[in-house]
Amino acid sequence: MNILADYGAGENTFAQAAVYPDLALARITLQHKGLYTVMPERREALAEISGKFRHGATALSQFPAVGDFVMLRLQGANAGHAVIHHVLRRKSAFTRKAVGLEEQTQIIAANIDIVFICMSLNNDYNVSRLERYLSVAWNSRAVPVIILTKSDLCACLHQVLDEIAGVAPGVDVLT
């Protein structure tokens, strides 16, 4: 079995990758400044984007992000970093407005299935904030799950759960 299936690659991912027979499929597991840690089929590696890719990108959202499946050229053991040439189509994207760049979107994470929204039930609980987080989660095309911590400190847990049910119908809530 291909190890990338354990990292979330499905039939659709492998079908997209088949378009690039000379390149290897990998998933980005960590992003550094200018470098990425990727998991190809055999072993973890460091990768950078190709110059052609860097100069051809017209938006920040076109660059790879954690969770993306990419097509890259692996180098020999002592030949340097792998080189990313393509980002495959994303099934979901957790985004935000890019800092300091007007009208640019930054991808925080891609190809995620579930977003856990953790909120404490102490004095920090805020239903308006929860609604904003839910909106971001739904917009990412991932399924939100609400996790409420410090429920032992909440005197009116049933009231809070009713309030959450009103703003998040159908969303799983764990205390």
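Analyst: Start with the terms. On a 1 Å grid over the protein atoms alone, a pocket is an open set of points with protein on both sides within 12 Å along at least five of seven lines, while a cavity is a set where a 1.4 Å probe fits but cannot get out. Lining residues have an atom within 4 Å of a point. Points join across faces, edges and corners, and the volume is the space filled by probe spheres set on them. The model is predicted: local features need pLDDT of at least 70, side-chain atom pairs need 80 or more, and totals for chains, interfaces and linings use all residues. Numbering starts from 1 along each chain as its sequence is written, and side-chain values use heavy atoms, without hydrogens or water.

User: How much space lies in the second largest pocket, and which residues are closest to its centre?

Analyst: The second largest pocket holds about 200 Å³. Its lining has 14 residues, with Asn12, Thr13, Phe69, Lys91 and Asn111 closest to the centre.

User: Which element gives the most to the lining of the second largest pocket?

Analyst: Elements come from DSSP: helices are H or I runs of at least four residues, strands are E runs of at least two, and numbering goes from the N terminus. Here helix H2 (residues 11-17) leads, with 4 residues.

User: How do the lining residues of the second largest pocket divide by class?

Analyst: The classes are simple. Ala, Val, Leu, Ile, Met, Phe, Trp, Tyr, Cys and Pro are nonpolar; Asp, Glu, Lys and Arg are charged; the others, Gly among them, are polar. This lining has 2 nonpolar, 6 polar and 6 charged residues.

User: What about the largest pocket: how much space lies there?

Analyst: About 270 Å³. Of its 15 lining residues, Gln31, Tyr36, Leu60, Phe63 and Pro64 are closest to the centre. The classes here are 10 nonpolar, 4 polar and 1 charged. Strand E7 gives the most to this lining, with 3 residues.

User: Where does Gln106 lie, and why does it count as partly exposed?

Analyst: Burial is read from relative accessible area: buried is under 20%, exposed over 50%, partly exposed in between, using a 1.4 Å probe and protein chains only. Gln106 lies in E7, residues 105-110. Gln106 counts as partly exposed because its relative accessibility is 25%.

User: Which residues does Gln106 touch?

Analyst: Contact means heavy atoms within 4.5 Å. Not counting residues up to four places away in sequence, Gln106 touches Leu60, Phe94, Thr95, Arg96 and Ala98. Take Phe94: 12 residues separate it from Gln106 along the chain, and their C-alpha atoms are 8.6 Å apart.

User: Now backbone angles. What is phi of Asn111, and what is phi of Arg141?

Analyst: The general idea first. Most residues other than glycine have a negative phi. Asn111 has a positive one, near 55°. Arg141 is positive too, with phi near 75°.

User: Where are Asn111 and Arg141 found, and are they buried or exposed?

Analyst: Asn111 sits in the loop between E7 and strand E8 (114-120). Asn111 counts as buried because its relative accessibility is 7%. Arg141 is in the loop between helix H4 (127-139) and strand E9 (143-149). At 54%, Arg141 counts as exposed.

User: At what angle do the axes of H4 and H5 cross?

Analyst: Axes are lines fitted to C-alpha atoms, for helices over the stretch in contact, and angles run from 0 to 180 degrees between N-to-C directions. H4 and helix H5 (residues 157-167) cross at roughly 35°, and their axes come within 11 Å. For the hand, compare the near helix with the far one: turned anticlockwise by less than a right angle is left-handed, clockwise is right-handed. H4 passes H5 in a right-handed crossing.

User: Which residues meet in this contact?

Analyst: From H4, Val127, Leu130, Glu131 and Leu134; from H5, Glu163, Ile164 and Val167. That makes 5 nonpolar, no polar and 2 charged residues.

User: One last case. Where is Pro40 found, and which residues is it in contact with?

Analyst: Pro40 is in the loop between strand E2 (36-39) and E3. Pro40 is buried, at 2% relative accessible area. Leaving aside neighbours within four places in sequence, Pro40 contacts Ile3, Leu4, Leu25, Ala26, Ala45 and Leu74.
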